[in-house]
Amino acid sequence: MNPALEELSNQYPSALREYCNGGGEAALLRAYQLGRGAVAAGVSALEVGTVHQEALVSALVETLALAESAPIARRATEFFAECLAPFELTRRGFQEAHAALRDLNQGLERRLSAALQDFESAQDELLEQKRMETLKNDFISVISHEVRTPLTSIHGALNLLKSGLGGELNPQGQRLLDAAYRNSQRLVRLVNDLLDLQRIESGTMTFNLRPVDLRSLLEQAIEASQAHAGPLGIKLVLQGAPTGARVRVDSDRMMQVMTNLLSNAAKFSPRGETVVVEASRHNSGLRVGVTDRGPGVPEEFHERIFQKFAQAASSDRGGSGLGLSITKAIVEHMSGRVGFQSEPGRTTFYFDLPEWRRTVSRGKASENTWPAGR
Ligand SMILES: Nc1ncnc2c1ncn2[C@@H]1O[C@H](COP(=O)(O)OP(=O)(O)OP(=O)(O)O)[C@@H](O)[C@H]1O
Ligand SMILES: [Mg+2]
């Protein structure tokens, strides 16, 4: 016999008898404790019922007086009921917990299947977007390649005509030629930008990385952009750069980055203003900022500013909206990052690059890049 059942069989009859013989709350509490012990030991309600039945029969047999057997039986029922209370409690508790768990599970299942559906449709959308992106890129790449050669030749021919090779033109002809030349120049730039982007994205653009002195690189960039900023009445100045600071970059690509930032700053500056270039040490790297005093980038455009072809609705100043996406792609390719801060009257576009330091460790040259944890 199960030892717990055996113990119950031993204790139950005397406790029952005590209650039947006029025991009060304490005897009833004993019944409850016996029941709880039975539940805990895994004794079933049916087994307790059998023990009760036997105990009751023996109690009645002992009494033998028929008149007394009715109240004894009634009290015995009370005792038995108290003993079964813990079974009742656990059953109800179990039922409630079961119901709560079932509701919870159903809710979870519903949410899970909804999330699964969302995920699947998002995945489909993503795949479709990727497909469209590849198609678009292929299309742009083919068009750009096809268009570039004839366009360059048209542009060259117009340039020769402008320089007077084809003879003198009347003023109207000259105006038409100027417009044609300007537009062909824009198209050449656009095609070149598109090809650059496509090469960066496909990983086919070569980056000739070498350590260069940051200050002289910035001076060269300013020098090169002066011709463009001058006619707009904008002065470009280098305000500060840490002496001897070097970065490991492709100089031509860096010039492209600076030309993009300087041309934007000049384009959006009011005439007569100064655009300031500044370099400083920042978070153990180097930060180069280009600050203008223009109207700033509209708040609602901030999120899209580095996307391809993105131009703020208010900024109708030419260009195709590719400059900043190329800038970002180039800087990131050289382990850097770009950012900007803008408010009316003061806008700074900046990029951070790791500082190049040559340290000698165990006879071998090694480079210092970003600090650990970046
Ligand atoms: N310094 C700035 N001040 C205010 N807005 C700017 C500035 N620089 C860029 N922007 C905003 O970001 C847009 C995107 O600049 P981005 O250089 O990519 O293209 P773009 O200058 O319009 O054309 P592109 O550079 O291809 O000739 C600009 O059209 C303008 O709306
Ligand atoms: Mg630009």
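The legends below describe close-up views of a predicted model. Local features need pLDDT of at least 70 and side-chain atom pairs count only at pLDDT 80 or more, while totals for chains, interfaces and linings use all residues. Residues are numbered from 1 along each chain as its sequence is written, and side-chain values use heavy atoms, with hydrogens and water left out.

**View 1. Lining of the largest cavity.** The structure has one cavity of 30 Å³ or more, where a cavity is a set of points on a 1 Å grid over the protein atoms alone at which a 1.4 Å probe fits but cannot get out. The volume of the largest cavity is about 70 Å³; a volume is the space filled by probe spheres set on the points, which are joined across faces, edges and corners. Its lining (residues with an atom within 4 Å of a point) consists of Asn137, Ile140, Ser141, Leu194, Leu197, Gln198, Glu201, Lys308 and Phe309. Helix 4 (66–162) and helix 5 (171–202) are the elements that give two or more residues to this lining, and the largest share, four residues, comes from helix 5. Helices (H or I, at least four residues) and strands (E, at least two) are DSSP runs, numbered from the N terminus. By class, the cavity lining holds four nonpolar, three polar and two charged residues. Ala, Val, Leu, Ile, Met, Phe, Trp, Tyr, Cys and Pro count as nonpolar, Asp, Glu, Lys and Arg as charged, and the others, Gly among them, as polar.

**View 2. Salt bridge between glutamate 201 and lysine 308.** The two side chains meet at 3.1 Å, N to O; a salt bridge is a side-chain nitrogen of Lys or Arg within 4 Å of a carboxyl oxygen of Asp or Glu. Glutamate 201 lies in helix 5 and lysine 308 in the loop between strand 5 (285–292) and helix 8, so the pair ties together parts that are 107 residues apart in sequence. Glutamate 201 is partly exposed at 44% relative accessible area, as is lysine 308 at 26%. Buried means under 20% relative accessible area, exposed over 50%, and partly exposed in between (1.4 Å probe, protein chains only).

View 3. Glu133, Lys136, Glu201 and Lys308 are linked in a network of salt bridges. Aspartate 193 is buried at 12% relative accessibility.

**View 4. The largest pocket.** A pocket is an open set of points with protein on both sides within 12 Å along at least five of seven lines. The largest pocket holds about 1,400 Å³ of space. Of its 48 lining residues, Ser263, Asn264, Lys267, Gly318 and Gly319 lie nearest its centre. Helix 5, helix 6 (214–229), helix 7 (251–268), helix 8 (323–333) and strand 7 (346–354) each supply at least two residues. The pocket lining has 18 nonpolar, 23 polar and seven charged residues.

**View 5. Isoleucine 72 in helix 4.** Isoleucine 72 is buried, with 8% relative accessibility. Its C-alpha atom is 7.8 Å from that of asparagine 21, 51 residues apart along the chain.

Key:
Chains lettered and ligands numbered in written order.
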